[in-house]
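Please look at the sequence and the structure shown below. The paragraphs that follow lead through the chain and then turn to one of its interfaces.

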Amino acid sequence: MLARADNLRSAESLVRTPRDAAVIDVGSNSVRLVLYRLEGRSIWTVYNEKVLAGLGRDLGVTGRLSPDGVTGALAALRRFRAVLDAARPDDLFMAATAAVRDAEDGEVFVGRVAAETGLNLRVLSGQEEARYAALGVLAGAPDGEGVVGDLGGASLELVRLGPQGPIEGATLALGPFSLSGVRGDKLRAEIAARLAPFAARFRTDVFQAVGGAWRNLALMHMQMTGYPLQIVHQYEMSRSEALDAARFVARQSKASLESIPGISKKRVETLPHAALVLEALIEQLGLEKIVVSAYGLREGLLFEGMTSAVRDLDPLIEGCTALTARQGVDETLGPTLEAWLAPVFEALPPLFGAREDVLRSAACRLADLGTRLHPDHRADLVFEQVLRAPVAGQNHAERAFLAVAAFSRHTAANSMPEAGALSRLLTEAQRRRARALGAAIRLGADLSGRSSALLAQSRLALKDGRLILSAAEGWSDMLLGEQTSRRATTLAGLLGVKLEIRRI
């Protein structure tokens, strides 16, 4: 068992060797530098700086980059060069999108950037931009489906997701800068006309929305509905909800939008335009569900740079593993706990369908989260961290489920933090299952002293209405003790079964 644990530790450390990466994204509206820490499949944002230069502000009228935008962008890129020289990331990705690609003076701008900063921008084609946006969505939600739509300052990229990833894409001149001279009903009609030739090709039930304007629209919808979890990644709206939100925004004045809490003041000017585009997409593509992604082109560049072995890993499990790295005493405790409690939870009816195994695996990886926190506050602090941690690969209900499990891993208390939010995100059965999962992890961790080798000498099973805890021959002493009995009794109560401890 110890040799197997050593091999597992070596294999996992190979794909999780941390790397620092940076992405410079020169868009039609913003110029951005993001520094990332990559730990295998998990992506952590370390630093994020954005300048709304407005490079493409004049594109629809003059066909050229905005002079003020060029000045602002070059100033930002000179600063980014200094930051990169200090940070010295292992990998650097640079991309320029629609404005630089389409402007008459785009090549001149790229030359100036190289001469003044030493940065060699890669100008993406429309197909490449669409593809990287789709890869970014998959980096954050590997089971993403439907059509990805990335709305920037000058263009809208549409790309369909297939079983093997992005399969076709198109670029439409539907950004606010491409239609800067059009207003009112004429703008609505022009958006519809430009989208119409692509409607049949990209018709879908599920739409993955990428871009700052749509993220802000989602935040506004959360405010309107009193939604309890202010996280835009994987936030979902139905067709009717998205239409109501889009039509509401399209009718508002700039002053009205600025007064809404949580809405970026710098996005207010483009938000009504984004709402009109979304409304047209819903109507022409037949959308039934809109899923907002906080991941996009930049994460797509990072995702493509990963090895196939790393890309195939699950981002939720990997993120939970990274979240607890270097906090516990045994790096293999999570996988061992997963195997140990599987006979119990695999015997129960699934409440999350095919996601059941992934959620159980992720919860076990969080077993040592909070090790360095004060024991009197550990459960509450861990709950908050898990609920809002920037870990990809999970929807909002799954976030809540893992937060309850992490809370119950540290306490048997019945009163839960943020009870109102939990009741909105989870059913009563899902909340109880999460508590039982946390109690099982607590039992396994405390029974073994958080040692994989010791835990492997015991067994947990569910049979004929009984929770059976037993030990390998010669190891029954490990099952004795008041704490072990108390932990097992709590788990049996949450499962609604009787407890049987077999001492050989």
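How many residues of domain 1 are in contact with residues of domain 2? To answer this, one begins with the layout of the chain. In this predicted model, the chain is divided into domain 1 (1–124), domain 2 (127–298) and domain 3 (314–503). The centres of domain 1 and domain 2, taken over C-alpha atoms, are separated by 22 Å. Where these two domains meet, 25 residues of domain 1 are in contact with 19 residues of domain 2.

The extent of this interface can also be expressed as an area. Between them, domain 1 and domain 2 bury about 1800 Å², and 53% of this area lies on carbon and sulfur atoms. On the side of domain 1, the residues that lose the most area to domain 2 are Asn29, Arg41 and Leu124. Together, these three account for 24% of what that side buries.

Particular pairs of residues may be considered next. Four salt bridges are found across the interface of domain 1 and domain 2. Elsewhere in the description of charged pairs, Arg101 forms a salt bridge with Glu157, and their closest N and O atoms are 3.8 Å apart. Seven residue pairs, both members at pLDDT 80 or more, are in polar contact across the interface of domain 1 and domain 2.

Finally, the side of domain 1 that touches domain 2 may be described by its elements and residues. The elements that give two or more residues to this side are the strands β1 (19–26), β2 (31–39) and β3 (42–51), together with the helices α2 (59–62) and α4 (98–102). By residue type, this side divides into twelve nonpolar, six polar and seven charged residues.

Key: Residues are numbered from 1 along each chain as its sequence is written. This is a predicted model: local features need pLDDT of at least 70, side-chain atom pairs count only at pLDDT 80 or more; totals for chains, interfaces and linings use all residues. Side-chain values use heavy atoms; hydrogens and water are left out. Domain bounds come from an automatic or database domain assignment. Contact means heavy atoms within 4.5 Å. Buried area is the accessible area (1.4 Å probe) that two parts lose on being put together, summed over both. A salt bridge is a side-chain nitrogen of Lys or Arg within 4 Å of a carboxyl oxygen of Asp or Glu. A polar contact is a pair of N or O atoms within 3.5 Å; within protein, one must be able to donate a hydrogen and the other to accept it, and residues adjacent in sequence count only if both atoms are side-chain atoms. Helices (H or I, at least four residues) and strands (E, at least two) are DSSP runs, numbered from the N terminus. Ala, Val, Leu, Ile, Met, Phe, Trp, Tyr, Cys and Pro count as nonpolar, Asp, Glu, Lys and Arg as charged, and the others, Gly among them, as polar.
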